[in-house]
Amino acid sequence: MQTDSFVLRHIGPRQDQIKEMLKTIGVHSLDELINNTIPSDIRLKNTLNLPEALSENEFASHIQDLGNKNKQFKTYIGLGYHNTTLPAVIQRNIFENPSWYTSYTPYQAEISQGRLEALLNYQTVISDFTGLPIANSSLLDEGTAAGEAMIMLLNGRSRSQKKADTLKFFVSEEVLPQTVDILTTRSAPLGIELVIGNHKKINFDARYFGAIVQYPAKHGKIYDYTEFIANAHEKEVKVVVAADILSLSILKSPAEMGADVAVGTTQRFGIPLGFGGPHAGYFATHDSYKRLIPGRIIGVTIDTDGNRALRMALQTREQHIKRERATSNICTAQVLLAVMAGMYAVYHGGDGIKYIARQIHSLTNILSNALLKLGLKQHNDTFFDTLKISVSNAEKVKAIAEENEVNFFYVDASTISISINETSTLGDIEQIIKILAQAENLYAFDITDCPVSLSIPKELQRTSDYLTHEVFHKYHSETEMMRYIKRLERKDISLTDSMISLGSCTMKLNAATEMLPLSMSNWNSIHPFVPVNQAQGYHEMLKGLEEQLNIITGFSATSLQPNSGAQGEYAGLMVIREFHKSNNDAHRNICLIPASAHGTNPASAVMAGMKVVVTKTSESGNIDVEDLLEKAIKHKDNLAALMVTYPSTHGVFESAIKEITRIIHDNRGQVYMDGANMNAQVGLTNPATVGADVCHLNLHKTFAIPHGGGGPGVGPICVAEHLAKFLPSNPLVKTGGTDAITAISSAPFGSALVDLISYSYIKMLGSNGLTESTRIAILNANYLKSRLEKHYKILYAGEKGFAAHEMIVDFREFKQKGIEVTDIAKRLMDFGFHAPTVSFPVVGTLMIEPTESENKEEIDKFADSLIQIKKEIDTYKDEDSVLKNAPHTLGMITNDIWEYSYTRKEAAFALDFIAENKYWPRVRRVNEAYGDRHLICSCNPIEDYMDDE
């Protein structure tokens, strides 16, 4: 075995297994399978022009050398990003633990109770600090959360406001610049008129529906917004407060000032800077908005036995159900980062977080007093951690500061701001004073008097309690914290347990070598707004990844800014919108979307100001070309785009794809390709070849970034040459095209830290390894299809009878016996497997994608499980069945009373392999309806909310 070949570690099947699998499929070679699967007219003629693959050792040296080009200065830039201290117990047991980072979004609640509890903790933290009763389980970043808040308030306008077409939204000039940029992006296609100005001077009238303010303000001043909010409410204007979560431990909460929504980031709760992300944005509001709140909400319910259980609440809000009627296109949260932030609060508790906040504030007071003694003007009469300072020459300050490896934020030629953080020390304050004294030709002095003091006015100080639940009081020793994390971990299924064959989700290996750089300080401690020469390693890596993705997709340029696939969709459509505007075709607003498309597609189109026209799907599951042609011609004067997934969501390479893209171009539209299924394309075909103009990629699918239990994700867009100049920008760091649209995400390069994973994945596989991974992904899917089609109906296949990288198994025929596809999904848990994608894109089916990382043995276990379930279906008589009672918990199996017609062995150990690594679900089947009727989204005991029904 070639031990230095990464491809052999990444791909599951060995050569002898591949031969057996090909025989089962009925083909003689892998080449024959691929030739029968992918249409010949879209096959690439040449191999990908990528460098030779690196071994894992070679890559480790390469990434260390690259990381050393990043300069680790003391950074006091602030603007929503701060150095933190990640407790080692959280770093080792969550951040670096594949049981946490390889799990999936917790749609299957019974096997997700651990991370659901961790997310409920997080929601409790957000509700407690903001004072608002309902919080979601995270958003992509602070700017995105602000944009979502604005749109939620737009959708939540009163009937009279909607009738009057009330569209003005006030933005305080004190709001973070990146947030203002995102609000600009999000408002334009929806017709929202932003009014940016001084919150003390704005006079609201009936034309306004909402407003946003920053707390503390972008350069540190603390305003009491109570009167401002009261005045807004008199005019039926709702107010969003973008608040620093750490400051809320000592400052009056947004709710106490009357806020309708609070948004922000939880990066300060121990999350590494990572050059801008990933970080978990937060969002909290009142119960009246619970049907409009974006993102996911974790709620408390009961299981079949009436025991407490957790699950995702109010799922009817989600895009795959509401589609173009969705009020948000958000489909990804930042679960791993939210879990870490929640655990930071669990570990430190309320008193610990208050201690950290007071230490930061005290150091800031010491600095403020020292500046006064030095003779410099400090502008903020109230502050938490940030000071705004007049200097003679900001450029001179910058030169001296950088000589001392220190970064400040330079507001203008004579003003700087300095933000103190959790890692700051008294020695750092003395260094800052020396730098400023040198720049101003003043005498520096040692700081001797340094009491812990609070300078916040009494009316702004927090008096209300927070983090009172016992979970924030029990785990303050590392031993107890370690055990608590482990207890939660054991409740869930991740890739450390078994294959997760979720169709359209590509749950492949997240190799340890790819993950290790994320823990290196020269990568994870860099502020996103540092000068370019301090982040050379990052810029080289990001440029390298962009070039890799350009080669793979066949396109000319890439933006890494979007933080999720849905955000990539939105970014791609906004680029298309800008292209049409540049051609004096701003009226082009029709977006054609096949009926089988991902639910985020129509939601994203609506968010981009487009009107969705759905095209039909043929009986064979393909796009109805005649219907597409008819609608393209009908709307040719206003056609903006087609959104198409390739291979299709039905797991098929449609042979008419080039004809489809030609029809759109002939009618002056652009083709947007959803990259969710790119894992079946890499090295064999690409979006440019099939005729697309722009695509997004899911780096958390095809390119090995782990799903993290529901985030982080990265959704870069790759574009043809004519769209490159419109790629998104950032107000603080130069990026994007020459005629760039405004920002999509808060950070210039989105979640830059995790881009390291995809960069390393491509570097270590190289051209041949990437292509072989695609070939094996197609092999594994077709092998599984061959095993299952003898027992179940496979819904769609290509023209020659083969699947792409996934397939849809049809369970609808069993409904007449009273068996639902949900019963099969829950029964798979008894075999130790996470269910495939349920009822998407076709109700009553499972969409299955095994990926290239699983070997024949694991695929056989999964196939054997489904075949055993088919036997159980065939013998099904009534609800006293292993199917209807699944999943079976340890409590059921060990109970002295057993009243079922089947045996305990049939329930829990139906196949011999299960005993080798038995997974026990911690709860029985959850009661979804009960949880929605009794919505509980924080850590209160369920008994507090029960009634007599």
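Student: Which hand does the crossing of α19 and α25 have?
Tutor: The crossing of α19 and α25 is left-handed; a crossing has that hand if the near helix is turned anticlockwise from the far one by less than a right angle, and is right-handed if the turn is clockwise. This is a predicted model, in which local features need pLDDT of at least 70 and side-chain atom pairs count only at pLDDT 80 or more, while totals for chains, interfaces and linings use all residues. Residues are numbered from 1 along each chain as its sequence is written, and side-chain values use heavy atoms, with hydrogens and water left out.

Student: At what angle do the axes of α19 and α25 cross?
Tutor: Helix α19 spans residues 536-553 and helix α25 spans residues 752-788; their axes cross at roughly 45° and come within 9 Å. Axes are lines fitted to C-alpha atoms, for helices over the stretch in contact, and angles run from 0 to 180 degrees between N-to-C directions. Helices (H or I, at least four residues) and strands (E, at least two) are DSSP runs, numbered from the N terminus. The two helices are therefore oblique to each other; angles under 35 degrees count as roughly parallel, over 145 as roughly antiparallel, 65 to 115 as roughly perpendicular and the rest as oblique.

Student: Which residues of α19 and α25 meet?
Tutor: From α19 they include Tyr538, Met541 and Leu545, and from α25 they include Leu756, Tyr759 and Ile762. The residues of this contact divide into 12 nonpolar, 3 polar and 2 charged. Here Ala, Val, Leu, Ile, Met, Phe, Trp, Tyr, Cys and Pro count as nonpolar, Asp, Glu, Lys and Arg as charged, and the others, Gly among them, as polar.

Student: Changing topic, how do α5 and α16 pack?
Tutor: Helix α5 (residues 88-95) and helix α16 (residues 478-490) have axes 10 Å apart and pack at an angle of about 20°. That makes α5 roughly parallel to α16. The crossing is right-handed. Val89, Ile90, Asn93 and Ile94 of α5 make the contact with Glu478, Met481, Met482, Ile485 and Glu489 of α16.

Student: Which residues touch the most other members of the largest nonpolar core?
Tutor: They are Met343, Phe408 and Leu436, in a core of 243 residues. Such a core is a set of buried Ala, Val, Leu, Ile, Met, Phe, Trp, Tyr and Cys residues joined through side-chain atoms within 4.5 Å. Helix α13 (residues 335-374) gives the most to this core, with 22 residues. Apart from it lies another core, of 59 residues, among them Ile134, Val180, Phe579 and Leu723.

Student: And where is tyrosine 282?
Tutor: Tyrosine 282 is in strand β8 (residues 281-285) and counts as buried, at 0% relative accessibility. Tyrosine 282 lies 141 residues from aspartate 141 in sequence, and the two are 7.6 Å apart in space, C-alpha to C-alpha.

Methods: Contact = heavy atoms within 4.5 Å. Buried < 20%, exposed > 50% of the residue type's maximum accessible area, 1.4 Å probe, protein only.
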